[in-house]
Amino acid sequence: MNSLLTVGKNILPAKRSSVIPGFGLTMGFTLFYMSMLVLIPLGGLVLFTTSMGWEAFWQSITDPRVLSSLRLSFGASFIAAILNAFFGLIVAWVLVRYTFPFKKVIDALVDLPFALPTAVSGIALVTIYSQNGIVGRYVELLGFQIAFTWIGIVIALTLIGLPFVVRTVQPALEDLEKELEEVAASLGATRWQTFKRVIFPAIQPSLLTGFAMALARAIGEYGSVIFIAGNMPYKTEIAPLLIVIKLEQFDYTGATAIAVVMLIAAFLILLFINLIQWWNRRYSDEN
Amino acid sequence: MHHSMRYISIIGFLILSIGLTACSNNRDGASATLLNVSYDPTRELYQELNREFKVYWKDKTGQTVTIRMSHGGSGSQSRAVIDGLDADVVTLALAHDVTAIQQNAGLIEEYWQNRLPENSAPYTSTIGFLVRKGNPLNIQDWDDLIRPDVSVITPNPKTSGVARWNYLAMWGYALQKELGDLSKIGNPDYAGEVAMAEAKAKEFVAAIYRNVPVLDSAARGATNTFVQRGIGDVLINWENEILLAGFTLDVDGLEIVIPQTSILAEPTVSIVDKNVDRKGTREIAQAYLEFLYSETGQELAAKHYYRPRSEVVAIKYEERFPQIQLFTIDEVAGGWHNANTVHFRDGGIFDQFYQN
């Protein structure tokens, strides 16, 4: 009732009220929804680690095996997200800019990694890339292995992150006005200059968003990776697997400690990317 | 606006709780429901056993019983019960997983393993090998697994129940080979000899794990790696799983090898005390587990390739199970508690294989 009165008092749209109705209801719902799904479960996680004491926490996360699994998880996810940013951009470009037969089919294929149970992706990948698989067989002749090495992990993480970059960059490319490129060309810009100075700045924010989402998804991925990783301690053991291993040993606190470290690291990375976005916007507005 | 939101959420919460309450077990005399939480390879066994028990219980008491099953990796199943899965009975791959329920959730009495005959293990199994057809590398016994040309598939003992049995079978074999007589373990007169044998056994098991290219997290994953991916020369697995697959082996290009010496694997069963008392199903749950020891139960176990405890049934199915020398976990590792602290805990012997 209160908010209705305020609207009545302020004839001119001022600080507090919005033209769009329903702020109270939607905001209340958002808070409830986010609390039930994100804040309370993750808060509980953090709370649980406080029961183990700082020293035990520190000891369990500085264990060399935990450290090497965290390095692997974040490192492989980072490589996978970079690969996705690069190749996802090309895929999005092809899908937006050219017409070719079966375009709709390929467009639909992009979303498949979302829909597939991750275990299925993992098994499918290992079938192809293991030493008896149709690709792995020839790669082995070249003297290296894909499945059961970190390369296999990167491939699995790239697969599951693919849709993010394509789907975030696509609309940005579609919105790009063709005229801008024509202007650039008529002003004497080379093709490379047009891409670098005109197209790239326009799609860069969505590319970064896609990158961040692919990265976040890859850090937490478990299902597809364990099939192709080989899961050797210190070598191809990802952090989420180590969490499961600790749980199997009923070491709930040890598992939670790794989870909290991953949570904080992932949050910081995403926050950092958001800061870059924010800084970018400000910088481009001032220009 | 803010107030109405609060009401909406309270009403939503109420509806949710009413829904959950309505789902819980209803008690009446004419029917009962049991939930048996088990591990993966027992699927076929309990399917048939439940049918027989239903008939038996109906004849005896006139009560109709519905038995629901839950299958999965033994360790995860144990954790599910700890976290609240409403099991009446658990029939898991190793005693350790039942003890974990007792220790972590207090749902089972402390001396549960003495409540039923034979350490609460109504049927047993052992650990054997699957090799490629024709056995091209001539793998016959545990010693062959340390050969550098042999690639071995076994899951991670930290996440898989059968993998712990596999590991302890290797360990026990090596100890037996060094000592000749396992009763020397724990005897102070032989302390020096035992320590040396343990050092050798550690070397032996480490040598086998150096031949393991992939550590799958569960038994089914390891079977997949070996059979579907064609990786490795030998798969170490439950005897009952290997024998069960017997008739399709030829098609898959595989062959069974049961080593001369192996471990007596004892999958254990127990009532989940707190759950049956709350649901009023103790009597029927108890009868269900005892039924496993009856002649019908033992016959069914043997039929599904578990080694029966009953002498009579064992003789009847003699040809099915190779006569080999079996040692127990108590003999070679001093029970599950000890095995876990020494071998499988973080920083234990298994972890040491992979350090540096």
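1. Domain bounds here come from an automatic or database domain assignment, and on that basis chain B is divided into domain 1 (28-123 + 266-320) and domain 2 (127-264 + 324-354). This is a predicted model, in which local features need pLDDT of at least 70 and side-chain atom pairs count only at pLDDT 80 or more, while totals for chains, interfaces and linings use all residues. Residues are numbered from 1 along each chain as its sequence is written, chains are lettered from A in the order in which they are written, and side-chain values use heavy atoms, with hydrogens and water left out.

2. The C-alpha centres of domain 1 and domain 2 of chain B lie 27 Å apart. Where the two domains of chain B meet, 15 residues of domain 1 are in contact with 15 residues of domain 2, contact meaning heavy atoms within 4.5 Å. Together they bury about 1500 Å², 59% of it on carbon and sulfur atoms; buried area is the accessible area (1.4 Å probe) that two parts lose on being put together, summed over both. On the side of domain 1, E266(B), Y305(B) and R307(B) lose the most area to domain 2, together 39% of what that side buries.

3. One salt bridge is counted between domain 1 and domain 2 of chain B, a salt bridge being a side-chain nitrogen of Lys or Arg within 4 Å of a carboxyl oxygen of Asp or Glu. R307(B) forms a salt bridge with E239(B), and the closest N and O atoms of this pair are 2.6 Å apart.

4. Chain B also holds an open sheet of four strands, in the order β6-β7-β5-β8, with mixed pairing; strands are DSSP runs (E, at least two residues), numbered from the N terminus, and two strands pair if DSSP finds at least two bridges between them. β6 (152-153) and β8 (254-257) of chain B stand at the edges with a single partner strand each, so one side of each is left without a neighbour in the sheet. Strand β5 (residues 127-132) of chain B runs antiparallel to β8(B) and is joined to it by four bridges, and I256(B) in β8(B) is the bridge partner of L130(B).

5. Between the chains, 29 residues of chain A are in contact with 35 residues of chain B, and the area buried is about 2700 Å², of which carbon and sulfur atoms give 58%. Three salt bridges are found across this interface of chain A and chain B, and the side chains of E248(A) and R79(B) meet in a salt bridge (3.4 Å, N to O).
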